[in-house]
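Please open the model in your viewer and keep the selection tool ready, as this tour moves from one selection to the next.

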Amino acid sequence: MAARLLGLLSGPVTRPMPGLEQPLPPTESPVECYARLLLFHLSSKSALQRTMAAQVLAHWVRTDEGHECPASVRDRVLECLGESIYFDEMAGAFTRLQQDCRDFMALLRHAGLPLDACFQPGAVLTVDQASHLATSVFQTLMEQAEQGVAKGLEEKRQCLLQTALQTGRDQLQLSTMVQSSLAGFLVSLGQLPERLNPVIRPLMDAVRREANHQLQRQSCERLVELLGRCVSREPCPNGKVVRNLVALLCSPHPDEPADARLPGILTLDNMHKQVERSSLRRSLSRKGSVQAVSEDSTGADEKNLHRHEALLQEGVQRR
């Protein structure tokens, strides 16, 4: 909502004031001042700042037909689409990952196991390198180690692997959110680059694994708009995009074995799991109520039986 309001406000803000259509040479125009502000946020390493800047830009160019979005903004967005960075929001997780890597490498050295040059003390490892250290490198080292060494290192290895996987998932989620928002702005702007892959891929990734329904729906709308703009383009990417979308929709059920599955749409998988959980809760509640009724009826029968036996015994005593 805030991005929409700022996008609506961007039109009046970037227009010259009445009577000042011809500013003095040293004075920046309103649109140039506004572009400089947006470029500051687009140059940030914060995923939230980049996303919000892209959302504001997209709403601006969609709601203001007479917009004059500078070329510098478009060029910066294209640069952002080609960047691969660790966002500021991942600083805590990345620091924890480095600490786990250092602890694990120290244990390996203490056990007398040799490490490659890239795993020396003080090295800053990427998420992929940390995962590689906890899987392939560890397995190779265990082939050379004595029996019993692996058992003492397994717990630390599992901890490192889980940290690396979680950090990678969080980084991927932020990257999907940022890149799809930037690509959506370029589609709304209508100034597509010659190579469409940097624009199509983030939108397809958002369709597949964006957890936020609103952002996912927005990416779907921008993808449809992109397909419409590319109808007369040569070569036309629409056929390949449609085939990939069909493959996503026809991907196997998430409960099937992992090696037999294709990556499906995350929100559809989540909806399916939610329906299954609701059905399970209903079935359990029915079983509980039936069991309670049966227990009540059984208890009533036992009470009647005891009462009948007491009456018989009382009659015998009277006789």
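Begin by selecting helix H2 (residues 30–42) and helix H4 (residues 71–81), which in this predicted model pack at an angle of about 5° with their axes 10 Å apart. Helices here are DSSP runs (H or I, at least four residues), numbered from the N terminus, and axes are lines fitted to C-alpha atoms over the stretch in contact, with angles from 0 to 180 degrees between N-to-C directions. H2 and H4 are therefore roughly parallel, a term for angles under 35 degrees.

Residues are numbered from 1 along each chain as its sequence is written. Because the model is predicted, local features need pLDDT of at least 70 and side-chain atom pairs count only at pLDDT 80 or more, while totals for chains, interfaces and linings use all residues, and side-chain values use heavy atoms, with hydrogens and water left out.

Next, show the side chains where Ala35, Leu39 and Leu42 of H2 meet Ser72, Val73, Arg76, Val77 and Cys80 of H4.

Now select Phe185, which, leaving aside neighbours within four places in sequence, is in contact (heavy atoms within 4.5 Å) with Ala54, Leu57, Ala58, Val61, Cys69, Val73 and Val77.

Finally, which kind of aromatic pair do Phe104 and Phe138 form? The pair is tilted, with 5.8 Å centre to centre and 45° between the planes; rings of Phe, Tyr and Trp (its six-membered ring) pair if their centres lie within 6.5 Å, and planes under 30 degrees apart count as stacked, over 60 as edge-to-face and the rest as tilted. Phe104 lies in helix H5 (residues 91–110) and Phe138 in helix H6 (residues 127–144), 34 residues apart. Phe104 is buried at 0% relative accessible area, and Phe138 is buried at 5%, where buried means under 20% (1.4 Å probe, protein chains only).

Terms used. Helix = DSSP H or I, 4+ residues; strand = E, 2+ residues; numbered from the N terminus. Parallel < 35°, antiparallel > 145°, perpendicular 65-115°, else oblique. Buried < 20%, exposed > 50% of the residue type's maximum accessible area, 1.4 Å probe, protein only.
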